[in-house]
Amino acid sequence: MVLEGKNIMVTGGAGFIGSHLVEEYLKWGAEKVVVYDDFSSGTMENLNHIKSNRLKIIKGSVLDAILLNKAIKSEEINIIDHQAAKLEVYSGILNVKKEARVNIFGTLNVLEAAIKNKVEKVLFASSAAVYGQAKKVPQDEMHPLEPHWPYGVSKLCAERYCIQYNRLYGLNTVAFRYSIVYGPREWFGRVLTMFIKRIFLENKPPVVFGDGTQIRDYVYVKDLVRAHILAIINEKSNGEVFNISSGKGISIKDLAHLLLEISGKNLGIIFDNPKEGEVSQYQPERIRLPSELRVLVLDNRKANEILGWRPETSLRDGVIEEIKWIMANPWRWQVKPRV
Ligand SMILES: NC(=O)c1ccc[n+]([C@@H]2O[C@H](COP(=O)([O-])OP(=O)(O)OC[C@H]3O[C@@H](n4cnc5c(N)ncnc54)[C@H](O)[C@@H]3O)[C@@H](O)[C@H]2O)c1
C-alpha cells in the first residue's frame with residue numbers, strides 16, 4: 001500500500017476537505033491518521049462514518065504550539081497535511097487579525113513543530129485567492145500574485161513561509177492552490193450550496209447575482225485528495241506550489257442551468273443585483289462579497305507534468321454526488337450560511 005508505515009496528521013481533519021483526506025489516507029494504507037482540529041467549523045459528523053482503529057482524534061488548536069508539538073511527537077507523525085484555517089471571506093474582512101492569527105501563525109506553529117520533530121513532509125492548503133483578479137485565463141502558477149481579500153493575503157503569506165522553511169531548513173513542503181472545492185460534506189454558504197439547497201431541498205428558483213456571467217472553476221474533492229497522495233510519494237513536489245483545479249470555467253448562470261436540468265424541475269432563475277457587501281432581497285441571509293472575482297480558472301498543467309495528476313470527475317457527476325449526500329443529510333445545511 002502506498003502510504004504503508006506512514007503516520008499522518010491532518011490539521012482541520014474534521015472539516016470538509018480534511019475529512020476526505022482522512023478517509024482516503026486510511027484507504028491508501030496509512031499506519032495511523034491523526035485528526036488535529038479545534039472543531040470551530042469542523043464536526044464529528046464528517047468523521048463518524050469512518051470505522052477504523054487507525055484513526056485518532058485530538059481536539060486542539062494550531063495556535064496551541066505546545067499541544068500541537070506534543071501531539072506530533074507522541075503520535076510519531078511522519079507527514080502533516082495542514083488544512084486548518086479560517087476561510088470565511090466576509091468574516092475575514094471584518095476580523096482580519098483573527099484570520100491572520102490562525103492562517104499565518106497557526107501555519108508557522110505547524111512548520112516549527114515539523115522541524116522539531118523531523119517530520120518528512122508538510123502539505124499546505126493554499127487558495128486561488130492568492131491571485132486576485134485574473135490578468136490572463138487560465139491562471140498558472142506564474143500569474144501575478146495580488147491576493148484577493150485579507151483571506152488571500154493570509155494564505156499567500158503562509159504559503160511563502162512553507163517555501164522559506166523548505167529553502168532555509170530543508171523541510172519538505174508542498175503548497176496547493178485549490179480553486180473552488182465541492183463535493184459531499186461541503187459546508188453551507190457558497191453559491192453552489194445555495195443553489196442546491198434552494199432547488200433540491202426547498203423547490204425554489206436559484207438566485208443569481210448580477211447577470212451570472214462570473215466564471216468559476218470547480219474541482220471535485222476526491223480528485224483533490226489524489227493530488228495530495230501523489231505529492232506525498234513524489235520527491236519532485238518538495239518546495240513546489242501547484243494549482244489544483246478542473247482547469248475549466250463555468251458561468252454562474254450555466255451552473256444554475258446545470259442544476260435545474262439535473263433536478264428536472266422547471267423553476268427558472270431569479271436574477272438579483274445587490275451591491276457588493278449587501279444582502280439579497282430574495283435570500284436575506286446571503287451577502288454579495290465585496291470585490292467579487294470576475295473570472296477564476298486555474299491552469300493545472302504543472303500538477304499534471306510533475307505529479308501526473310489530472311482531475312477525473314466531471315462537474316455534472318460531482319454535483320450529483322453532493323446532491324445525493326445532502327438529500328440524505330438535509331439537516332447539515334439547516335444552519336446559517338458561513339460567510
Ligand atoms: N473549500 C474550498 O473551496 C477551499 C478552496 C481553497 C482553499 N481551501 C482551504 O482548504 C482548507 C480546508 O477548507 P474546508 O473547505 O475543508 O474548510 P472547513 O471549515 O470545513 O475545514 C477547516 C477545518 O479547520 C478547523 N480549524 C479551524 N481553525 C482551527 C484551529 N485554530 N486549530 C485547529 N483546527 C482549526 C475547523 O474546525 C475545520 O475542521 C482550508 O485551509 C481552506 O483555506 C478551501
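Two strands pair if DSSP finds at least two bridges between them. Strands (E, at least two residues) and helices (H or I, at least four residues) are DSSP runs, numbered from the N terminus. The model is a predicted one, in which local features need pLDDT of at least 70, side-chain atom pairs count only at pLDDT 80 or more, and totals for chains, interfaces and linings use all residues. Residue numbers start from 1 along each chain as its sequence is written.

**View 1. Strands β1 and β2 run side by side.** β1 (residues 7-11) pairs with β2 (residues 32-37) in the parallel sense, over five bridges. Thr11 has Tyr36 of β2 as its bridge partner. Strands of a sheet pair through backbone hydrogen bonds, either parallel or antiparallel.

**View 2. An open sheet of seven strands.** The order is β3-β2-β1-β4-β5-β6-β11, and the pairing is parallel. β3 (55-59) and β11 stand at the edges with a single partner strand each, so one side of each has no neighbour in the sheet. From one strand to the next, the twist averages 20 degrees; axes here are lines fitted to C-alpha atoms (for helices over the stretch in contact), and angles run from 0 to 180 degrees between N-to-C directions.

View 3. Ala, Val, Leu, Ile, Met, Phe, Trp, Tyr, Cys and Pro count as nonpolar, Asp, Glu, Lys and Arg as charged, and the others, Gly among them, as polar.

View 4. In domain 1, 36 residues are in contact with 29 residues of domain 2, where contact puts the C-beta atoms, placed from the backbone, within 7 Å. On the side of domain 1 that touches domain 2, at least two residues each come from α1 (16-27), α3 (89-94), β10 (218-220), α7 (221-233) and β11 (240-244). The largest share of this side, six residues, is supplied by α7. Its residues divide into 17 nonpolar, ten polar and nine charged.

**View 5. Two backbone exceptions in loops.** Most residues other than glycine have a negative phi, and most peptide bonds are trans. Phe39 is not a glycine, yet has a positive phi of about 60 degrees. Phe39 sits in the loop between β2 and β3. Between Val137 and Pro138 the peptide bond is cis, with omega near -5 degrees. Pro138 belongs to the loop between β5 and α5 (149-169).

Definitions and conventions:
Two residues are in contact if their C-beta atoms, placed from the backbone, lie within 7 Å.
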